[in-house]
Amino acid sequence: MANQYLKISEVIRPQTVSLDMAGINCKEQAIEYLAGLLDKAGLLISRQEYIQSVYEREKLGPTYMGNFIAIPHGKSDAVREAGVAFGRSDDGFEYLTDLGGGTAKLVFLLAIPNRMSADAYMAVLARLARLLVHEEFRENLIKASSYEDVINAILIGEKLLENLSNSKS
């Protein structure tokens, strides 16, 4: 799985999706909560060490993307296997960074093992960012009522990206 063609649909699991983050009030709580989902799914060796890697990455630049979206991520030896946690907050919460931030409603937390190449890591982030540019994809995530709805939105989005990429070749 540690190749540049890694798909979000391959690393997101039912136990790493939460469609009700009602009690989350800030970025730190969201990261802690979603890291807990990754940990319970067996993807982390050390939850705290992984969370530290997320905060180290946060210092390098904002992970709030606008449009109510945040994509915090960490690459660490504390990650057993690549994974993505997704959380949705209907009301949203303040996702503040050193360079600003905004209200987040859709949060994707990426856990990447250190053994994964930098290129593969960036490819996963780029793929997710390209998916989130599409309003229809974001709307499908907002309307999702189950993991199946989330994974179907991701699969449809990935197929769209694949078709766009093939049409440019």
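Predicted model: local features only at pLDDT ≥ 70, side-chain atom pairs only at ≥ 80, totals over all residues.

Which residue forms a salt bridge with Lys27? The partner is Glu58, and the closest N and O atoms of the two are 3.2 Å apart; by salt bridge I mean a side-chain nitrogen of Lys or Arg within 4 Å of a carboxyl oxygen of Asp or Glu. The pair links distant parts of the chain, with Glu58 in helix α3 (residues 47-58) and Lys27 in helix α2 (residues 27-40), 31 residues apart. Both Glu58 and Lys27 are buried, that is, under 20% relative accessible area, whereas exposed means over 50% and partly exposed is in between, with a 1.4 Å probe and protein chains only.

Residues are numbered from 1 along each chain as its sequence is written, and side-chain values use heavy atoms, with hydrogens and water left out.

The structure holds six salt bridges. In another of them, Arg47 pairs with Glu32, with 2.8 Å between the closest N and O atoms. Arg47 lies in helix α3 and Glu32 in helix α2, so this pair ties together parts that are 15 residues apart in sequence. Arg47 counts as partly exposed because its relative accessibility is 28%, and Glu32 counts as partly exposed at 31%.

Finally, Lys7, Lys159 and Glu162 are linked in a network of salt bridges.

Methods. Helix = DSSP H or I, 4+ residues; strand = E, 2+ residues; numbered from the N terminus.
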